[in-house]
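User: Could you take a close look at one part of this model for me? I would like the cut-offs along with the picture.

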Amino acid sequence: MLNIALPKGRLGEKVYKMLEAAGYACKDVLGDSRKLIFTDERSGVSYFWVKPSDVAIYVERGVADVGVAGKDILAESGADVYELLDLRIGRCKMAVASVNGYREDLSRPLRVATKFPHIAAAYYGGKNREIDIIKLYGSIELAPILGLSDVIVDIVETGSTLRENNMSVIEEIFPISARLIANKACYKFKGGEVDAAVERLQKELPDD
């Protein structure tokens, strides 16, 4: 029995449909039920829905054997898990952005507004750039517009929000997509089942 943590929302629904096509169907997973756990003995799977940012925690702690999490969440959390497969969905990018015409002042620390302080610190640490991280939870784009920060580090999908607010991407940090991850200890005992799932899922991946 494989215990699989799925992220709630559209991404999780897409992932389930891929798993279903790969032979891991489970009745009522996409129904209107308020249930959180779904098990199918015939398919050999047990699914449960969790908040996207919590998937890596459930997998790292061994409650789930495998799960699906965005590369952004994995990079920010530093979860100690195996990253097995890029599912090629939920694609976007982590980037640095600011107001159009922005020029960096190298004589002082760079003020960086972000929901991803660890990613920002690692990125600028690699550039030996001193920064002042401003952790925000709401509309990150407001920070440089109102002068709270110089730049933002955030997820960019289409870039439309940036364009509508007279902003643009300055640097791309890394591409983001949904990744299949596995608990390291569980993989030792269920490696065969996990590898079989990976092989089946590879046949269901969307084209690049």
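User: Which residues have the most contacts inside the largest nonpolar core?

Analyst: Happy to walk through it. This is a predicted model, where local features need pLDDT of at least 70 and side-chain atom pairs count only at pLDDT 80 or more, while totals for chains, interfaces and linings use all residues. Residues are numbered from 1 along each chain as its sequence is written, and side-chain values use heavy atoms, with hydrogens and water left out.

The largest nonpolar core has 28 residues, and Ile4, Leu6, Leu19, Val29, Tyr47, Leu87 and Leu201 have the most contacts inside it. Such a core is a set of buried Ala, Val, Leu, Ile, Met, Phe, Trp, Tyr and Cys residues joined through side-chain atoms within 4.5 Å. Buried means under 20% relative accessible area, exposed over 50%, and partly exposed in between, with a 1.4 Å probe and protein chains only. Two or more residues come from each of β1, α1, β3, β4, β11 (178-182) and α7; helices (H or I, at least four residues) and strands (E, at least two) are DSSP runs numbered from the N terminus. Apart from this core lies another, of 16 residues, including Val112, Ile119, Tyr124 and Ile176.

Take isoleucine 4. Beyond its neighbours within four places in sequence, isoleucine 4 is in contact (heavy atoms within 4.5 Å) with Leu19, Val45, Ser46, Tyr47, Phe48 and Val66.

Leu19 leads us to helix α1, whose buried residues are Gly12, Val15, Tyr16, Met18 and Leu19. Because these cover an arc of only 160° around the axis, they sit on the same side of α1; the arc is that of the directions from the helix axis to the C-beta atoms. β1 (2-7), β3 (45-50), β4 (66-70) and α7 are among what covers them. On the other side of α1, Arg10, Lys14 and Lys17 are exposed. After α1 comes glycine 23, with a positive phi near 105°.

Ser46, another contact of isoleucine 4, lies in strand β3. Serine 46 counts as buried because its relative accessibility is 7%. Its side chain makes a polar contact with that of threonine 39, at 3.0 Å. A polar contact is a pair of N or O atoms within 3.5 Å; within protein, one must be able to donate a hydrogen and the other to accept it, and residues adjacent in sequence count only if both atoms are side-chain atoms. Leaving aside neighbours within four places in sequence, serine 46 is also in contact with Met1, Leu2, Asn3, Ile4, Ile37 and Phe38, among others.
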